[in-house]
Amino acid sequence: MQQSKQWWKESVVYQIYPRSFNDSNGDGIGDLQGIIEKLDYLKKLGVDVIWLSPVYKSPNDDNGYDISDYQNIMDEFGTMKDWDQLLAEAHKRGLKIIMDLVVNHSSDEHKWFVESRKSKDNPYRDYYIWRPGKEDGSEPNNWESAFSGSTWEYDETTEEYYLHIFSKKQPDLNWENPTVRQEVYDMMRWWLDKGVDGFRMDVINFISKTPGLPDADNPEGKKYVNGGEHFMNGPRIHEFLHEMYVEAIKDYDVMTVGEMPGVGPKEAVDYTKEENEEVNMVFQFEHVDLDSGPGGKWDLRPLNLADLRENLVKWQKALEKQGWNSLYMNNHDQPRMVSRFGHDGKYREESAKMLATLLHMMRGTPYIYQGEELGMTNVAFESIDEYKDIETLNMYNEKREEGLSNEELLKKIHIKGRDNARTPVQWDDSDHAGFTTGTPWIKVNPNYREINAKQALEDSESIFYYYQNLINLRHNHDVVVYGSFDVLMEDDEDVFAYKRELADETLLVYCNFYDGKPRVEIPAEFREGDRSLFISNYKVDRDEVQSNEFLLKPYEVRVYHVKK
Ligand code: NOJ
(Lines give C-alpha, C1' and ligand atoms only; values in the text may rest on other atoms or scores of the structure.)
Protein backbone atom coordinates (compact mmCIF):
# COMPACT_ATOMS: atom_id res chain seq x y z
CA MET A 1 0.00 0.00 0.00
CA GLN A 2 1.34 3.43 -0.94
CA GLN A 3 1.66 5.65 2.08
CA SER A 4 -0.40 8.78 2.52
CA LYS A 5 1.05 12.26 2.74
CA GLN A 6 0.85 13.67 6.28
CA TRP A 7 2.12 16.88 7.87
CA TRP A 8 3.82 14.91 10.63
CA LYS A 9 5.85 13.02 8.06
CA GLU A 10 7.08 16.30 6.63
CA SER A 11 7.92 17.82 10.02
CA VAL A 12 10.98 18.03 12.20
CA VAL A 13 10.36 17.78 15.94
CA TYR A 14 12.40 19.56 18.61
CA GLN A 15 12.33 18.12 22.11
CA ILE A 16 12.40 20.48 25.07
CA TYR A 17 13.27 19.18 28.52
CA PRO A 18 11.86 22.24 30.27
CA ARG A 19 13.81 21.92 33.50
CA SER A 20 17.07 22.38 31.61
CA PHE A 21 16.00 24.61 28.73
CA ASN A 22 15.86 28.23 29.88
CA ASP A 23 15.13 29.80 33.26
CA SER A 24 13.28 33.13 33.13
CA ASN A 25 12.95 33.87 36.85
CA GLY A 26 16.33 33.04 38.36
CA ASP A 27 15.27 30.07 40.49
CA GLY A 28 17.73 27.82 38.67
CA ILE A 29 15.00 25.77 36.99
CA GLY A 30 13.88 26.19 33.40
CA ASP A 31 10.27 27.30 32.95
CA LEU A 32 7.49 28.07 30.49
CA GLN A 33 8.31 31.76 30.18
CA GLY A 34 11.86 30.69 29.47
CA ILE A 35 10.58 28.62 26.56
CA ILE A 36 8.51 31.52 25.26
CA GLU A 37 11.68 33.66 25.23
CA LYS A 38 13.32 31.14 22.90
CA LEU A 39 10.51 30.52 20.42
CA ASP A 40 12.10 32.84 17.88
CA TYR A 41 15.33 30.85 18.20
CA LEU A 42 13.41 27.66 17.39
CA LYS A 43 11.62 29.36 14.54
CA LYS A 44 14.98 30.42 13.17
CA LEU A 45 16.23 26.84 13.40
CA GLY A 46 13.20 25.94 11.32
CA VAL A 47 11.60 23.09 13.28
CA ASP A 48 7.87 22.46 12.95
CA VAL A 49 6.86 20.79 16.19
CA ILE A 50 7.95 21.12 19.81
CA TRP A 51 7.67 18.09 22.05
CA LEU A 52 7.47 19.26 25.63
CA SER A 53 8.70 16.78 28.20
CA PRO A 54 6.20 16.77 31.12
CA VAL A 55 5.17 20.14 32.50
CA TYR A 56 2.36 18.87 34.73
CA LYS A 57 2.17 19.07 38.52
CA SER A 58 4.70 16.71 39.94
CA PRO A 59 6.75 16.08 43.08
CA ASN A 60 9.67 15.53 40.67
CA ASP A 61 10.88 12.18 41.83
CA ASP A 62 11.63 11.53 38.15
CA ASN A 63 11.65 15.14 36.89
CA GLY A 64 8.00 15.31 35.94
CA TYR A 65 7.55 11.75 34.69
CA ASP A 66 5.69 11.28 37.98
CA ILE A 67 2.51 13.30 37.56
CA SER A 68 0.30 14.24 40.49
CA ASP A 69 -2.20 16.29 38.48
CA TYR A 70 -2.59 15.85 34.73
CA GLN A 71 -4.55 19.08 34.35
CA ASN A 72 -2.27 21.50 36.13
CA ILE A 73 1.19 22.92 35.62
CA MET A 74 4.23 22.25 37.80
CA ASP A 75 4.76 25.21 40.16
CA GLU A 76 8.41 25.59 39.19
CA PHE A 77 7.48 25.86 35.51
CA GLY A 78 4.72 28.46 35.88
CA THR A 79 0.95 28.46 35.62
CA MET A 80 -1.74 27.34 33.20
CA LYS A 81 -1.85 30.94 32.06
CA ASP A 82 1.80 30.69 31.07
CA TRP A 83 1.05 27.44 29.29
CA ASP A 84 -1.85 29.02 27.35
CA GLN A 85 0.46 31.85 26.39
CA LEU A 86 3.14 29.41 25.28
CA LEU A 87 0.72 27.56 23.02
CA ALA A 88 -0.65 30.80 21.58
CA GLU A 89 2.85 32.21 20.96
CA ALA A 90 3.98 28.96 19.38
CA HIS A 91 0.93 28.75 17.12
CA LYS A 92 1.38 32.38 16.16
CA ARG A 93 4.77 31.40 14.77
CA GLY A 94 3.46 28.29 13.02
CA LEU A 95 5.02 25.96 15.60
CA LYS A 96 3.01 23.05 16.92
CA ILE A 97 3.27 21.65 20.44
CA ILE A 98 2.92 18.03 21.48
CA MET A 99 2.63 17.07 25.12
CA ASP A 100 4.19 14.15 26.95
CA LEU A 101 1.48 11.71 27.96
CA VAL A 102 2.66 9.70 30.96
CA VAL A 103 -0.12 7.24 31.73
CA ASN A 104 1.55 3.91 32.35
CA HIS A 105 1.93 5.30 35.85
CA SER A 106 1.11 8.40 37.87
CA SER A 107 2.80 9.89 40.91
CA ASP A 108 2.01 8.29 44.27
CA GLU A 109 0.90 11.83 45.17
CA HIS A 110 -1.85 11.81 42.57
CA LYS A 111 -5.25 11.96 44.27
CA TRP A 112 -6.19 8.62 42.70
CA PHE A 113 -3.30 6.89 44.43
CA VAL A 114 -3.73 8.78 47.68
CA GLU A 115 -7.26 7.32 47.75
CA SER A 116 -6.26 3.94 46.38
CA ARG A 117 -3.85 3.19 49.18
CA LYS A 118 -6.36 4.11 51.93
CA SER A 119 -8.31 0.85 51.99
CA LYS A 120 -9.03 -2.25 49.97
CA ASP A 121 -12.60 -1.12 49.31
CA ASN A 122 -11.78 2.44 48.34
CA PRO A 123 -13.43 3.31 44.98
CA TYR A 124 -9.95 4.10 43.61
CA ARG A 125 -8.35 0.86 44.83
CA ASP A 126 -8.58 -0.75 41.42
CA TYR A 127 -7.00 2.22 39.64
CA TYR A 128 -3.63 0.68 40.51
CA ILE A 129 -2.19 -2.81 40.67
CA TRP A 130 -2.32 -4.21 44.20
CA ARG A 131 -1.39 -7.76 45.21
CA PRO A 132 -0.76 -9.65 48.43
CA GLY A 133 2.78 -10.96 48.94
CA LYS A 134 3.80 -14.53 48.22
CA GLU A 135 3.26 -17.07 50.99
CA ASP A 136 6.52 -16.16 52.65
CA GLY A 137 5.53 -12.51 52.55
CA SER A 138 7.95 -11.60 49.76
CA GLU A 139 7.04 -9.57 46.68
CA PRO A 140 4.26 -10.93 44.41
CA ASN A 141 6.79 -11.62 41.63
CA ASN A 142 10.47 -11.29 40.75
CA TRP A 143 10.35 -8.32 38.37
CA GLU A 144 13.11 -5.75 38.70
CA SER A 145 12.32 -2.04 38.60
CA ALA A 146 13.84 0.01 35.78
CA PHE A 147 15.32 2.12 38.58
CA SER A 148 16.81 -0.84 40.57
CA GLY A 149 15.30 -3.08 43.25
CA SER A 150 11.88 -4.73 43.09
CA THR A 151 8.93 -3.42 41.08
CA TRP A 152 6.80 -3.91 44.19
CA GLU A 153 6.43 -1.71 47.23
CA TYR A 154 4.77 -2.94 50.38
CA ASP A 155 2.17 -0.62 51.84
CA GLU A 156 1.49 -1.10 55.52
CA THR A 157 -1.97 0.45 55.59
CA THR A 158 -3.58 -2.37 53.67
CA GLU A 159 -0.75 -4.89 53.95
CA GLU A 160 -0.45 -5.34 50.21
CA TYR A 161 2.11 -4.52 47.56
CA TYR A 162 1.60 -2.16 44.61
CA LEU A 163 3.36 -2.42 41.27
CA HIS A 164 5.78 0.24 40.04
CA ILE A 165 7.89 -0.54 37.00
CA PHE A 166 9.76 2.71 37.62
CA SER A 167 10.34 4.34 41.02
CA LYS A 168 8.18 3.56 44.02
CA LYS A 169 6.74 7.05 43.60
CA GLN A 170 5.49 6.02 40.12
CA PRO A 171 2.77 3.39 40.74
CA ASP A 172 1.50 1.69 37.57
CA LEU A 173 -2.08 2.47 36.59
CA ASN A 174 -4.37 -0.49 36.11
CA TRP A 175 -5.35 -0.39 32.44
CA GLU A 176 -7.54 -3.47 32.88
CA ASN A 177 -9.95 -1.13 34.67
CA PRO A 178 -12.18 0.56 32.03
CA THR A 179 -12.78 3.54 34.31
CA VAL A 180 -9.06 4.28 34.37
CA ARG A 181 -8.97 4.18 30.61
CA GLN A 182 -11.89 6.59 30.33
CA GLU A 183 -10.24 8.97 32.81
CA VAL A 184 -7.15 9.01 30.60
CA TYR A 185 -9.13 9.59 27.40
CA ASP A 186 -11.13 12.41 29.05
CA MET A 187 -7.89 14.05 30.11
CA MET A 188 -6.42 13.70 26.61
CA ARG A 189 -9.48 15.29 25.03
CA TRP A 190 -9.27 18.13 27.53
CA TRP A 191 -5.75 18.95 26.30
CA LEU A 192 -6.71 18.44 22.67
CA ASP A 193 -9.60 20.85 23.12
CA LYS A 194 -7.12 23.39 24.46
CA GLY A 195 -5.32 23.06 21.15
CA VAL A 196 -2.34 20.75 21.61
CA ASP A 197 -1.09 19.15 18.45
CA GLY A 198 -0.51 15.65 19.69
CA PHE A 199 1.21 13.45 22.23
CA ARG A 200 4.46 11.65 22.83
CA MET A 201 3.35 8.64 24.86
CA ASP A 202 5.67 7.54 27.62
CA VAL A 203 6.43 3.76 27.72
CA ILE A 204 3.02 3.26 26.20
CA ASN A 205 3.66 -0.37 25.25
CA PHE A 206 3.91 -1.20 28.98
CA ILE A 207 0.23 -0.62 29.78
CA SER A 208 -0.98 -4.18 29.21
CA LYS A 209 0.51 -6.76 31.57
CA THR A 210 0.37 -10.56 31.37
CA PRO A 211 -2.68 -11.65 33.42
CA GLY A 212 -1.65 -13.10 36.76
CA LEU A 213 1.62 -11.13 36.68
CA PRO A 214 3.79 -14.27 36.69
CA ASP A 215 7.46 -14.43 37.62
CA ALA A 216 9.84 -13.68 34.76
CA ASP A 217 12.30 -16.33 33.57
CA ASN A 218 15.23 -16.40 35.91
CA PRO A 219 17.76 -19.00 34.80
CA GLU A 220 20.52 -17.54 36.96
CA GLY A 221 18.35 -17.46 40.07
CA LYS A 222 18.78 -13.73 40.67
CA LYS A 223 16.73 -11.91 43.27
CA TYR A 224 15.03 -9.66 40.70
CA VAL A 225 15.07 -9.86 36.90
CA ASN A 226 13.81 -7.81 34.01
CA GLY A 227 10.12 -8.64 33.72
CA GLY A 228 9.73 -7.04 30.29
CA GLU A 229 8.37 -10.24 28.76
CA HIS A 230 5.29 -9.69 30.94
CA PHE A 231 4.67 -6.00 30.40
CA MET A 232 6.14 -5.00 27.04
CA ASN A 233 3.72 -5.37 24.11
CA GLY A 234 1.31 -7.26 26.39
CA PRO A 235 -1.81 -9.18 25.36
CA ARG A 236 -4.27 -6.23 25.25
CA ILE A 237 -1.90 -3.53 24.01
CA HIS A 238 -3.37 -3.21 20.51
CA GLU A 239 -6.88 -3.18 21.88
CA PHE A 240 -6.01 -0.38 24.33
CA LEU A 241 -4.19 1.75 21.78
CA HIS A 242 -6.94 1.39 19.23
CA GLU A 243 -9.52 2.27 21.85
CA MET A 244 -7.45 5.32 22.78
CA TYR A 245 -7.35 6.34 19.14
CA VAL A 246 -11.11 5.99 18.75
CA GLU A 247 -12.00 7.63 22.05
CA ALA A 248 -9.49 10.44 22.14
CA ILE A 249 -7.50 11.00 18.96
CA LYS A 250 -9.45 10.37 15.81
CA ASP A 251 -11.42 13.60 15.63
CA TYR A 252 -8.31 15.77 15.86
CA ASP A 253 -5.62 16.46 13.29
CA VAL A 254 -2.74 15.62 15.60
CA MET A 255 0.38 13.46 15.73
CA THR A 256 1.21 10.65 18.12
CA VAL A 257 4.48 8.92 18.86
CA GLY A 258 4.61 6.01 21.25
CA GLU A 259 7.76 5.43 23.26
CA MET A 260 8.19 1.67 23.10
CA PRO A 261 11.18 -0.06 24.63
CA GLY A 262 11.46 -3.68 23.51
CA VAL A 263 9.66 -3.16 20.22
CA GLY A 264 11.00 -4.74 17.03
CA PRO A 265 10.22 -3.73 13.44
CA LYS A 266 7.44 -6.28 13.03
CA GLU A 267 5.54 -5.01 16.07
CA ALA A 268 6.29 -1.43 15.07
CA VAL A 269 4.51 -2.00 11.78
CA ASP A 270 1.47 -3.26 13.67
CA TYR A 271 1.50 -0.22 15.93
CA THR A 272 1.93 2.31 13.14
CA LYS A 273 0.26 1.07 9.98
CA GLU A 274 -2.54 3.41 9.15
CA GLU A 275 -5.41 0.95 8.94
CA ASN A 276 -4.74 -0.22 12.52
CA GLU A 277 -5.48 3.25 13.91
CA GLU A 278 -3.12 3.16 16.88
CA VAL A 279 -0.16 5.57 16.77
CA ASN A 280 1.62 7.39 13.94
CA MET A 281 5.13 6.26 14.87
CA VAL A 282 7.12 4.73 17.70
CA PHE A 283 10.40 5.40 19.43
CA GLN A 284 12.23 2.10 19.19
CA PHE A 285 15.36 1.38 21.25
CA GLU A 286 17.35 -1.18 19.31
CA HIS A 287 19.95 1.24 17.94
CA VAL A 288 20.53 2.85 21.32
CA ASP A 289 20.97 -0.56 22.94
CA LEU A 290 23.80 -1.64 20.64
CA ASP A 291 26.45 -0.41 23.05
CA SER A 292 24.95 -2.36 25.96
CA GLY A 293 25.93 -5.91 26.85
CA PRO A 294 23.65 -8.67 28.15
CA GLY A 295 23.71 -7.07 31.61
CA GLY A 296 21.72 -4.07 30.37
CA LYS A 297 22.45 -0.41 29.91
CA TRP A 298 25.33 -0.15 32.39
CA ASP A 299 27.09 -3.17 30.90
CA LEU A 300 29.27 -1.16 28.52
CA ARG A 301 30.11 -2.49 25.09
CA PRO A 302 31.84 -0.68 22.22
CA LEU A 303 29.67 0.32 19.32
CA ASN A 304 30.61 -0.50 15.75
CA LEU A 305 29.40 0.84 12.47
CA ALA A 306 28.41 -2.56 11.06
CA ASP A 307 25.90 -3.17 13.88
CA LEU A 308 24.48 0.32 13.69
CA ARG A 309 24.07 0.16 9.93
CA GLU A 310 22.50 -3.27 10.00
CA ASN A 311 20.02 -2.08 12.58
CA LEU A 312 19.04 1.23 11.04
CA VAL A 313 18.76 -0.30 7.60
CA LYS A 314 16.53 -3.05 8.96
CA TRP A 315 14.16 -0.43 10.38
CA GLN A 316 14.22 1.66 7.22
CA LYS A 317 13.27 -1.32 5.09
CA ALA A 318 10.70 -2.78 7.47
CA LEU A 319 8.70 0.45 7.64
CA GLU A 320 9.16 1.53 4.06
CA LYS A 321 5.81 0.42 2.70
CA GLN A 322 3.66 0.59 5.80
CA GLY A 323 4.01 2.32 9.12
CA TRP A 324 6.39 5.21 9.74
CA ASN A 325 9.74 5.66 11.49
CA SER A 326 10.77 8.18 14.06
CA LEU A 327 14.44 9.12 13.74
CA TYR A 328 16.46 10.00 16.83
CA MET A 329 19.94 9.56 18.23
CA ASN A 330 19.48 11.20 21.60
CA ASN A 331 16.88 12.50 24.01
CA HIS A 332 16.61 13.25 27.74
CA ASP A 333 17.29 9.58 28.61
CA GLN A 334 20.27 9.02 26.34
CA PRO A 335 23.86 10.26 26.20
CA ARG A 336 24.64 13.10 23.82
CA MET A 337 24.73 11.97 20.19
CA VAL A 338 28.10 13.49 19.29
CA SER A 339 29.83 11.92 22.30
CA ARG A 340 28.28 8.54 21.73
CA PHE A 341 28.31 8.03 17.98
CA GLY A 342 30.72 10.73 16.85
CA HIS A 343 33.89 12.41 18.09
CA ASP A 344 33.40 15.04 20.75
CA GLY A 345 36.98 16.35 20.62
CA LYS A 346 38.82 17.48 17.51
CA TYR A 347 36.04 16.48 15.10
CA ARG A 348 33.09 17.57 17.18
CA GLU A 349 31.63 19.89 14.55
CA GLU A 350 32.31 17.59 11.62
CA SER A 351 30.93 14.50 13.33
CA ALA A 352 27.87 16.32 14.72
CA LYS A 353 27.01 17.44 11.20
CA MET A 354 27.71 14.02 9.74
CA LEU A 355 25.43 12.28 12.26
CA ALA A 356 22.70 14.84 11.76
CA THR A 357 22.83 14.26 8.02
CA LEU A 358 22.80 10.50 8.40
CA LEU A 359 19.60 10.79 10.41
CA HIS A 360 17.81 13.62 8.62
CA MET A 361 18.25 12.13 5.18
CA MET A 362 16.58 8.88 6.25
CA ARG A 363 12.94 8.09 5.83
CA GLY A 364 10.95 9.03 8.92
CA THR A 365 10.30 12.00 11.18
CA PRO A 366 13.52 13.39 12.73
CA TYR A 367 13.70 14.49 16.36
CA ILE A 368 16.27 17.00 17.58
CA TYR A 369 17.00 17.04 21.29
CA GLN A 370 17.68 20.47 22.83
CA GLY A 371 21.33 21.42 22.46
CA GLU A 372 21.95 18.83 19.76
CA GLU A 373 21.84 21.66 17.24
CA LEU A 374 24.81 23.18 19.09
CA GLY A 375 26.77 19.95 19.25
CA MET A 376 26.46 19.80 23.03
CA THR A 377 28.47 16.95 24.55
CA ASN A 378 28.35 14.55 27.47
CA VAL A 379 29.51 15.82 30.83
CA ALA A 380 31.89 14.11 33.28
CA PHE A 381 31.21 15.35 36.79
CA GLU A 382 33.91 14.22 39.18
CA SER A 383 31.68 13.40 42.12
CA ILE A 384 28.46 11.42 42.38
CA ASP A 385 27.11 14.34 44.43
CA GLU A 386 26.80 16.40 41.25
CA TYR A 387 24.37 13.91 39.71
CA LYS A 388 20.61 14.30 40.07
CA ASP A 389 19.00 11.52 38.04
CA ILE A 390 17.12 8.90 40.05
CA GLU A 391 18.13 6.06 37.71
CA THR A 392 21.81 6.98 38.01
CA LEU A 393 21.72 7.47 41.77
CA ASN A 394 19.81 4.26 42.49
CA MET A 395 22.16 2.26 40.27
CA TYR A 396 25.19 3.85 41.94
CA ASN A 397 23.97 3.06 45.44
CA GLU A 398 23.00 -0.49 44.58
CA LYS A 399 26.28 -1.29 42.83
CA ARG A 400 28.37 0.34 45.54
CA GLU A 401 26.71 -2.03 48.01
CA GLU A 402 27.60 -4.90 45.71
CA GLY A 403 31.24 -3.81 45.91
CA LEU A 404 31.89 -1.88 42.69
CA SER A 405 34.25 1.05 43.05
CA ASN A 406 33.37 4.72 42.81
CA GLU A 407 35.72 5.06 39.81
CA GLU A 408 34.19 2.17 37.90
CA LEU A 409 30.71 3.50 38.45
CA LEU A 410 31.55 7.08 37.55
CA LYS A 411 33.03 5.80 34.31
CA LYS A 412 29.75 4.10 33.44
CA ILE A 413 27.80 7.21 34.40
CA HIS A 414 30.03 9.44 32.27
CA ILE A 415 29.25 7.27 29.27
CA LYS A 416 25.63 6.30 29.82
CA GLY A 417 24.05 8.45 32.54
CA ARG A 418 20.89 10.38 31.72
CA ASP A 419 22.28 13.59 33.20
CA ASN A 420 24.56 13.81 30.16
CA ALA A 421 21.49 15.10 28.37
CA ARG A 422 20.12 17.13 31.23
CA THR A 423 22.78 19.73 31.87
CA PRO A 424 21.36 23.15 30.98
CA VAL A 425 21.26 24.35 27.40
CA GLN A 426 24.31 26.49 26.72
CA TRP A 427 22.99 29.81 25.52
CA ASP A 428 26.09 32.00 25.82
CA ASP A 429 29.46 32.23 27.53
CA SER A 430 28.30 34.15 30.60
CA ASP A 431 27.96 32.48 34.02
CA HIS A 432 25.91 29.28 33.96
CA ALA A 433 25.86 29.55 30.18
CA GLY A 434 23.12 32.17 30.32
CA PHE A 435 20.65 29.48 31.39
CA THR A 436 19.85 31.15 34.70
CA THR A 437 20.83 34.16 36.78
CA GLY A 438 20.53 31.97 39.86
CA THR A 439 22.11 28.63 40.74
CA PRO A 440 21.17 25.94 38.22
CA TRP A 441 19.48 22.81 39.59
CA ILE A 442 22.22 20.78 37.91
CA LYS A 443 25.64 22.11 36.94
CA VAL A 444 26.30 23.44 33.49
CA ASN A 445 28.77 21.53 31.30
CA PRO A 446 32.10 23.39 31.74
CA ASN A 447 32.60 23.51 27.97
CA TYR A 448 29.89 26.20 27.64
CA ARG A 449 32.48 28.91 26.99
CA GLU A 450 33.30 27.32 23.63
CA ILE A 451 30.00 25.59 22.86
CA ASN A 452 26.98 27.88 23.08
CA ALA A 453 24.12 29.28 21.03
CA LYS A 454 25.44 32.83 20.89
CA GLN A 455 28.66 31.68 19.26
CA ALA A 456 26.76 29.36 16.93
CA LEU A 457 24.41 32.10 15.76
CA GLU A 458 27.36 34.33 14.89
CA ASP A 459 29.09 31.69 12.78
CA SER A 460 27.52 30.90 9.42
CA GLU A 461 29.40 27.56 9.36
CA SER A 462 28.04 26.44 12.73
CA ILE A 463 26.22 23.22 13.51
CA PHE A 464 23.10 25.32 14.13
CA TYR A 465 23.00 26.64 10.57
CA TYR A 466 23.81 23.20 9.27
CA TYR A 467 20.65 21.88 10.96
CA GLN A 468 18.74 24.82 9.55
CA ASN A 469 19.90 23.76 6.13
CA LEU A 470 18.95 20.10 6.69
CA ILE A 471 15.47 21.12 7.80
CA ASN A 472 15.07 23.38 4.77
CA LEU A 473 16.03 20.56 2.46
CA ARG A 474 13.37 18.33 3.99
CA HIS A 475 10.77 21.06 3.62
CA ASN A 476 11.64 21.65 -0.02
CA HIS A 477 12.30 18.17 -1.41
CA ASP A 478 9.76 15.40 -1.34
CA VAL A 479 12.47 12.83 -1.94
CA VAL A 480 13.76 13.45 1.60
CA VAL A 481 10.36 12.69 3.08
CA TYR A 482 8.81 10.14 0.77
CA GLY A 483 11.69 8.64 -1.20
CA SER A 484 12.45 4.92 -1.03
CA PHE A 485 15.52 3.79 0.92
CA ASP A 486 18.35 1.44 -0.03
CA VAL A 487 21.70 0.84 1.54
CA LEU A 488 24.91 1.27 -0.50
CA MET A 489 28.43 -0.04 0.20
CA GLU A 490 26.86 -2.46 2.62
CA ASP A 491 30.08 -4.08 3.82
CA ASP A 492 32.23 -0.98 4.07
CA GLU A 493 33.95 -0.68 7.42
CA ASP A 494 34.07 3.11 7.53
CA VAL A 495 31.30 4.53 5.42
CA PHE A 496 27.56 4.44 6.03
CA ALA A 497 26.04 5.05 2.61
CA TYR A 498 22.53 4.87 1.24
CA LYS A 499 20.29 6.24 -1.46
CA ARG A 500 16.81 7.70 -1.47
CA GLU A 501 14.75 7.70 -4.66
CA LEU A 502 11.54 9.34 -5.77
CA ALA A 503 10.47 9.57 -9.42
CA ASP A 504 13.49 10.89 -11.36
CA GLU A 505 15.36 12.16 -8.30
CA THR A 506 17.97 10.33 -6.25
CA LEU A 507 19.93 11.28 -3.16
CA LEU A 508 23.24 9.54 -2.55
CA VAL A 509 24.34 9.85 1.08
CA TYR A 510 27.93 9.09 2.10
CA CYS A 511 28.89 9.34 5.77
CA ASN A 512 32.43 8.72 6.93
CA PHE A 513 31.95 7.39 10.42
CA TYR A 514 35.58 7.64 11.53
CA ASP A 515 38.68 9.81 11.19
CA GLY A 516 40.28 7.91 8.27
CA LYS A 517 40.03 8.72 4.57
CA PRO A 518 37.94 6.00 2.95
CA ARG A 519 37.34 5.77 -0.80
CA VAL A 520 33.91 6.17 -2.33
CA GLU A 521 32.75 5.42 -5.87
CA ILE A 522 29.56 6.75 -7.38
CA PRO A 523 27.55 3.74 -8.64
CA ALA A 524 27.65 3.39 -12.43
CA GLU A 525 23.92 3.99 -12.88
CA PHE A 526 24.20 7.50 -11.39
CA ARG A 527 27.28 8.68 -13.25
CA GLU A 528 25.46 10.08 -16.24
CA GLY A 529 22.71 12.03 -14.49
CA ASP A 530 22.67 15.70 -13.66
CA ARG A 531 24.61 15.71 -10.38
CA SER A 532 24.86 18.42 -7.72
CA LEU A 533 25.89 18.60 -4.10
CA PHE A 534 22.82 18.64 -1.84
CA ILE A 535 24.64 19.23 1.45
CA SER A 536 28.08 18.51 2.89
CA ASN A 537 30.10 19.33 6.00
CA TYR A 538 33.34 20.22 4.17
CA LYS A 539 33.78 22.44 1.13
CA VAL A 540 33.81 20.39 -2.06
CA ASP A 541 35.23 21.92 -5.28
CA ARG A 542 32.89 22.16 -8.21
CA ASP A 543 35.09 19.80 -10.27
CA GLU A 544 35.19 17.26 -7.54
CA VAL A 545 31.41 17.10 -7.38
CA GLN A 546 31.55 15.59 -10.86
CA SER A 547 34.28 13.05 -10.11
CA ASN A 548 33.13 9.49 -9.75
CA GLU A 549 35.72 8.45 -7.22
CA PHE A 550 36.96 10.37 -4.23
CA LEU A 551 38.31 10.10 -0.70
CA LEU A 552 36.23 11.32 2.23
CA LYS A 553 37.89 13.42 4.91
CA PRO A 554 37.54 12.57 8.63
CA TYR A 555 33.83 12.42 9.51
CA GLU A 556 33.00 13.93 6.16
CA VAL A 557 29.47 13.62 4.83
CA ARG A 558 28.34 14.35 1.28
CA VAL A 559 24.87 14.10 -0.10
CA TYR A 560 24.54 14.20 -3.88
CA HIS A 561 21.38 15.00 -5.73
CA VAL A 562 21.10 13.21 -9.06
CA LYS A 563 18.44 13.85 -11.63
CA LYS A 564 17.97 11.29 -14.38
C1 NOJ B 1 10.54 7.10 29.85
C2 NOJ B 1 10.95 8.52 30.05
O3 NOJ B 1 11.51 9.02 28.86
C4 NOJ B 1 11.91 8.54 31.21
O5 NOJ B 1 12.55 9.78 31.37
C6 NOJ B 1 11.16 8.15 32.44
O7 NOJ B 1 12.04 8.03 33.52
C8 NOJ B 1 10.42 6.83 32.26
N9 NOJ B 1 9.79 6.69 30.98
C10 NOJ B 1 9.34 6.69 33.30
O11 NOJ B 1 8.30 7.60 33.04
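How do the residues of the shell around the ligand divide into nonpolar, polar and charged? In this predicted model, the shell divides into 4 nonpolar, 3 polar and 7 charged residues.

**Surroundings of the ligand**

- The ligand is surrounded by 14 residues.
- The closest of these residues are D62, H105, D202, H332 and D333.

**Polar contacts and cover of the ligand**

- For D62, an N or O atom of the side chain lies 2.5 Å from an oxygen atom of the ligand.
- H332 places a polar side-chain atom 2.8 Å from an oxygen atom of the ligand.
- In R418, an N or O atom of the side chain is 2.9 Å from an oxygen atom of the ligand.
- On its own, the ligand has 290 Å² of accessible area, and the protein covers 98% of that area.

**Packing of helices α7 and α8**

- Two packed helices are described by the angle between their axes and by the distance between those axes.
- The crossing of α7 past α8 is right-handed.
- On the α7 side, P265, A268 and V269 take part in the contact, where they meet K314, W315 and A318 of α8.
- The residues of this contact comprise 5 nonpolar, no polar and 1 charged.

Definitions and conventions
Residues are numbered from 1 along each chain as its sequence is written. This is a predicted model: local features need pLDDT of at least 70, side-chain atom pairs count only at pLDDT 80 or more; totals for chains, interfaces and linings use all residues. Side-chain values use heavy atoms; hydrogens and water are left out. A crossing is left-handed if the near helix is turned anticlockwise from the far one by less than a right angle, and right-handed if clockwise. Helices (H or I, at least four residues) and strands (E, at least two) are DSSP runs, numbered from the N terminus. Contact means heavy atoms within 4.5 Å. Ala, Val, Leu, Ile, Met, Phe, Trp, Tyr, Cys and Pro count as nonpolar, Asp, Glu, Lys and Arg as charged, and the others, Gly among them, as polar. A residue is near a molecule or strand if one of its heavy atoms lies within 4 Å of it. A polar contact is a pair of N or O atoms within 3.5 Å; within protein, one must be able to donate a hydrogen and the other to accept it, and residues adjacent in sequence count only if both atoms are side-chain atoms. Accessible areas come from the Shrake-Rupley method with a 1.4 Å probe; for residues, only the protein chains shown count as cover.
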